[in-house]
Amino acid sequence: VTFARQFLMYWTARLTKLSLPQIGKRMGRDHTTILHGKNVYAVKRVKMGRMLSLRGERRNASGYLRLM
């Protein structure tokens, strides 16, 4: 259940224009919980060997995300 909730936190923050407090209100959580959940989800995915990117995204030589 926790991983699924973190999944929702991460992708809601990534794909919508909602602020963390707005996402938290909709999920019945505090904005700091949303921030923690989305960060934990990203780390878990990297440890699983799965990169998080959307179509059209590329990383530059420094590893920073840039949109094409």
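The exercises below concern this predicted model, starting with the whole chain and ending with single residues.

**Exercise 1. Work out the overall layout of the chain.**

Step 1: Count the elements. The chain has three helices and two strands.

Step 2: Reading along the sequence gives α-α-α-β-β.

Step 3: Check what is hidden. Of the 68 residues in the chain, 18% are buried.

Step 4: Ask how far the contacts reach. Among contacts with a sequence separation of 6 or more, 45% join residues 24 or more positions apart.

**Exercise 2. Find how α1 sits against α3, and which residues make the contact.**

Step 1: Size up α1. This helix covers residues 2-15. Its 14 residues reach 20 Å from first C-alpha to last, close to the 20 Å expected at 1.5 Å a residue.

Step 2: Get the geometry. The axes of α1 and α3 are 8 Å apart, and the helices pack at an angle of about 105°. Angles of 65 to 115 degrees count as roughly perpendicular, so that is how α1 and α3 are placed relative to each other.

Step 3: List the partners. From α1 come Phe3, Gln6, Phe7, Met9, Tyr10, Trp11 and Ala13, while α3 brings Thr33, Ile34, Gly37, Lys38, Val40, Tyr41, Ala42, Lys44 and Arg45.

Step 4: You get ten nonpolar, three polar and three charged residues in the contact of α1 with α3.

**Exercise 3. Which residues of α1 are buried, and what do they pack against?**

Step 1: Pick them out. Gln6, Met9, Tyr10 and Trp11 are the buried ones in α1.

Step 2: Follow their contacts. The buried residues of α1 pack against α2 and α3.

Step 3: Zoom in on Gln6. Its relative accessibility is 8%, so Gln6 counts as buried. Leaving out residues up to four places away in sequence, Gln6 touches Gly37, Val40, Tyr41 and Lys44.

**Exercise 4. Is Leu20 buried or partly exposed? And how about Arg45: buried or exposed?**

Step 1: Start with Leu20, found in helix α2. The cut-off for buried is under 20% relative accessible area; Leu20 has 22% relative accessibility, so Leu20 counts as partly exposed.

Step 2: See what surrounds Leu20. Beyond residues up to four places away in sequence, Leu20 touches Ala13, His31, Ile34, Leu35 and Lys38. The C-alpha atoms of Leu20 and His31 are separated by 5.0 Å, with the two eleven residues apart along the chain.

Step 3: Move on to Arg45, in helix α3. Arg45 has a relative accessible area of 16% and is buried.

Step 4: Connect Arg45 to α1. Arg45 and Phe7 are 38 residues apart in sequence and 9.8 Å apart in space, C-alpha to C-alpha, and both belong to the contact between α1 and α3.

Key:
Residues are numbered from 1 along each chain as its sequence is written. This is a predicted model: local features need pLDDT of at least 70, side-chain atom pairs count only at pLDDT 80 or more; totals for chains, interfaces and linings use all residues. Side-chain values use heavy atoms; hydrogens and water are left out. Helices (H or I, at least four residues) and strands (E, at least two) are DSSP runs, numbered from the N terminus. Buried means under 20% relative accessible area, exposed over 50%, partly exposed in between (1.4 Å probe, protein chains only). Contact means heavy atoms within 4.5 Å. Axes are lines fitted to C-alpha atoms, for helices over the stretch in contact, and angles run from 0 to 180 degrees between N-to-C directions. Angles under 35 degrees count as roughly parallel, over 145 as roughly antiparallel, 65 to 115 as roughly perpendicular and the rest as oblique. Ala, Val, Leu, Ile, Met, Phe, Trp, Tyr, Cys and Pro count as nonpolar, Asp, Glu, Lys and Arg as charged, and the others, Gly among them, as polar. The expected span of a helix is 1.5 Å times one less than its number of residues.
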